[in-house]
Amino acid sequence: MNYSDKHLHIVSFNVPYPPDYGGVIDVFYKIKALHDLGIKIHLHCFNYGRDESPELAAICESVHYYPRKKFYQAIYTSVPYIVGSRQSDELLNNLTNNDYPVLFEGLHTCFYLNHPALKNKIKAVRMHNVEWDYYRSLKEAESNYLIKFYFNLESKKLKKFEDELKNADKIFAISRSDYEYLRQSYETISYVSAFHNNEAITSQPGTGDFILYQGNLSVVENNQAAMYIAKKIAEGMPYKFIIAGKNPTNALKKEIKNIKNIELIENPTFDKMAQLMRDAHINLLITFQNTGIKLKLLNSLHRGRYVVVNSKMVNNTGLETLCVNEDNPSATKRILEDLMKQPFTQAEIEKRERILGAGFSNRANALRIAKEIFNP
């Protein structure tokens with residue numbers, strides 16, 4: 001079908017450029033893929049800490065920016081802060097100026113999902129996580145009691161607010177686990193895997209001389225994973241480890257300082273991170289939250305050599321056969337030692353091409369979203 005006469009509002013929780021962390025990566029490459037189908041995108045972004053973007057203007061029919069409300073401006077008795085802080089009268093007015101359908105990115109942006117002014121519109125929601133479960137996991141990983149209290153309260157509010165999804169005509173889950181959970185309550189659910197910035201498999205056969213862990217190190221779960229790798233896996237091994245990512249915590253810096261075979265690379269550029277993933281012999285990915293699908297996993301499989309994970313990183317993703325999966329740290333050490341002696345082969349690359357090409361194509365996923373929104 002030709003979609004060149006179709007218009008779509010997309011409401012994003014943040015400015016999706018540069019696409020440098022999980023959620024905005026999915027948003028940006030989704031916009032790009034829908035644009036490539038000919039769909040005219042009217043993008044609405046809540047702006048906090050990011051600049052307006054000419055790159056977005058180049059692929060959107062229009063781009064609107066709204067300030068996210070401060071904490072004291074968005075305290076509601078029942079509405080979660082991540083939702084209540086993303087409301088704007090100007091946004092509502094812009095959404096009601098025409099009859100174009102609306103795609104809300106994340107539960108975060110669904111403040112107006114049940115608004116009477118949008119009653120006759122096609123409304124879709126892209127779920128990036130089961131948010132209440134994600135915040136519960138953040139609570140369990142946090143040591144600061146005040147922040148732990150906030151995460152717990154937000155989790156309870158999000159679980160209640162999730163019921164608003166009954167007002168959506170379409171729901172797109174980002175992972176199979178989320179799909180299985182949401183389909184118990186919502187018939188309009190579909191599984192559409194994560195959008196990403198990989199057009200092809202660029203993994204190189206051969207060998208590298210280090211093991212990489214990467215992520216936004218200011219995020220609780222990534223800091224927890226990096227600390228685990230440093231203490232339980234890397235220390236004492238005869239191989240170099242690199243931990244790379246945004247804004248590492250002081251606690252992580254202190255821990256790594258005492259371990260001679262770990263190098264910390266703070267705030268690498270996009271190109272530097274891509275180089276690290278490509279040059280590493282092993283991309284080691286650990287998570288303690290079985291939520292969503294990790295875009296770092298997709299990136300590592302498209303760009304890197306061997307990928308070693310724990311079960312929560314890969315379970316129910318469809319990517320299990322492309323990774324080496326182990327939860328026990330002692331067994332993980334043995335696996336790393338074995339793989340460091342084995343060159344990465346062309347056969348492994350061809351296996352990735354078959355599996356990733358079948359289920360994780362941006363164009364195929366964009367076509368599915370377009371079909372479900374414009375041909376319900």
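How many disulfides does the structure hold? The structure holds zero disulfides, a disulfide being a pair of cysteine sulfur atoms within 2.5 Å.

This is a predicted model, in which local features need pLDDT of at least 70, side-chain atom pairs count only at pLDDT 80 or more, and totals for chains, interfaces and linings use all residues. Residues are numbered from 1 along each chain as its sequence is written, and side-chain values use heavy atoms, with hydrogens and water left out.

Select cysteine 45: the nearest cysteine sulfur, that of cysteine 60, is 7.5 Å away. Cysteine 45 counts as buried because its relative accessibility is 0%; buried means under 20% relative accessible area, with a 1.4 Å probe and protein chains only. Cysteine 323, at 11%, also counts as buried.

**Helix H8.** Next, select residues 220-234, which form helix H8; helices are DSSP runs of H or I, at least four residues, numbered from the N terminus. Twelve of the 15 residues of H8 are buried, among them Met227, Tyr228 and Ile229. After H8 comes glycine 236, with a positive phi near 90°.

**The second largest pocket.** Finally, select Asn198, Glu199, Ser361, Asn362 and Arg363, the closest to the centre of this pocket among its 17 lining residues. The lining includes six nonpolar residues, six polar and five charged. Helices H1 (22-36), H14 (346-359) and H15 (362-374) each supply at least two lining residues, and H1 gives the most, with four. A pocket is an open set of points on a 1 Å grid over the protein atoms alone where a 1.4 Å probe fits, with protein on both sides within 12 Å along at least five of seven lines; lining residues have an atom within 4 Å of a point.

Notes
Expected span 1.5 Å × (residues − 1). Buried < 20%, exposed > 50% of the residue type's maximum accessible area, 1.4 Å probe, protein only. Nonpolar A, V, L, I, M, F, W, Y, C, P; charged D, E, K, R; others polar.
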